[in-house]
Amino acid sequence: MFMKATGIVRRIDDLGRVVIPKEIRRTMRIREGDPLEIYTDRDGEVIFKKYSPIGELAAFAAQYAETLNKTCDMMVVITDRDAVIASGGISKKEYNERRLSDEFEKMIENRTLFVCHEEKNRFPVISDNSSHFVGCAMPVITDGDIIGAVAALMPNDTTNYSGPSELEIKLIQTAASFLGKQQES
């Protein structure tokens, strides 16, 4: 494991807390309320890692995305709050584990269904790719917390796009709801 020294030193307070500096939180996209998993090693190192509840369902999410692709011919991604964790119908190498675009993160934070009906509303799901845009997407919510999203994608070269079908919208909503319920149980 590669670790990079930051040169920042913090003391633990009387309640056992340590403050993660704002610059590191911003760089690592750690938001207030985000869960962090704590690891230790034999050398006495303590490592904080962002915890992805939906990441625990990665294998299941991959099967779900592949099934949506095979049965409904949809290009689908399933994400946590930071990156794509599963995809179906698109290049896994191009999408999986890639950082989400700022527009997609904002869509997730809105906590509502997003449907693209106009070209001006198009945005990519990942920050470093523009070959597909989000046709519709629904945040995955568990116990009131946003843990990710499910999205149907369309190729950017799609012309005369009038939006996703009602069936596609319902399938994306169903997938998001189902994944949210799976995390609760």
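Which residue forms a salt bridge with E109? R81 does, with the closest N and O atoms 2.5 Å apart. The legends below start from this pair. This is a predicted model, in which local features need pLDDT of at least 70 and side-chain atom pairs count only at pLDDT 80 or more, while totals for chains, interfaces and linings use all residues. Residues are numbered from 1 along each chain as its sequence is written, and side-chain values use heavy atoms, with hydrogens and water left out.

**View 1. The salt bridge of E109 and R81.**
A salt bridge here is a side-chain nitrogen of Lys or Arg within 4 Å of a carboxyl oxygen of Asp or Glu. E109 lies in helix α4 (residues 102–109) and R81 in the loop between β3 (75–79) and β4 (84–88), so the pair ties together parts that are 28 residues apart in sequence. Helices (H or I, at least four residues) and strands (E, at least two) are DSSP runs, numbered from the N terminus. E109 is partly exposed, at 38% relative accessibility. On this scale, buried means under 20% relative accessible area, exposed over 50%, and partly exposed in between (1.4 Å probe, protein chains only).

**View 2. Further salt bridges.**
Side chains of opposite charge can pair when their charged atoms come close. The count in this model comes to seven salt bridges. One of them joins R98 and D128, whose closest N and O atoms are 3.3 Å apart. Here R98 sits in the loop between α3 (92–95) and α4, and D128 in the loop between β5 (114–115) and β6 (132–142), linking distant parts of the chain, 30 residues apart. R98 is partly exposed, at 31% relative accessibility. D13 and R17 also meet through their side chains in a salt bridge (2.8 Å, N to O); D13 is partly exposed, at 29%. R31, D82 and E105 are linked in a network of salt bridges.

**View 3. The largest nonpolar core.**
A nonpolar core is a set of buried Ala, Val, Leu, Ile, Met, Phe, Trp, Tyr and Cys residues joined through side-chain atoms within 4.5 Å. Two or more residues come from each of α2 (58–72), β3, β4, β6, β7 (145–155) and α5 (166–184). Helix α5 gives the largest share, five residues. Leaving aside neighbours within four places in sequence, V150 is in contact (heavy atoms within 4.5 Å) with residues including V76, C136, M138, I172 and L179. Apart from this core lies another, of 22 residues, among them V77, I108, A149 and L153.

**View 4. Aromatic pairs.**
Rings of Phe, Tyr and Trp (its six-membered ring) pair if their centres lie within 6.5 Å; planes under 30 degrees apart count as stacked, over 60 as edge-to-face and the rest as tilted. The whole structure holds five aromatic pairs. Y64 and F178 form a tilted pair, 5.8 Å centre to centre with 40° between the planes. Y64 lies in helix α2 and F178 in helix α5, so the pair ties together parts that are 114 residues apart in sequence. Y64 is buried at 19% relative accessibility, whereas F178 is partly exposed at 35%. F104 and F123 form another tilted pair, at 6.4 Å and 55°. F104 is in helix α4 and F123 in the loop between β5 and β6, 19 residues apart.
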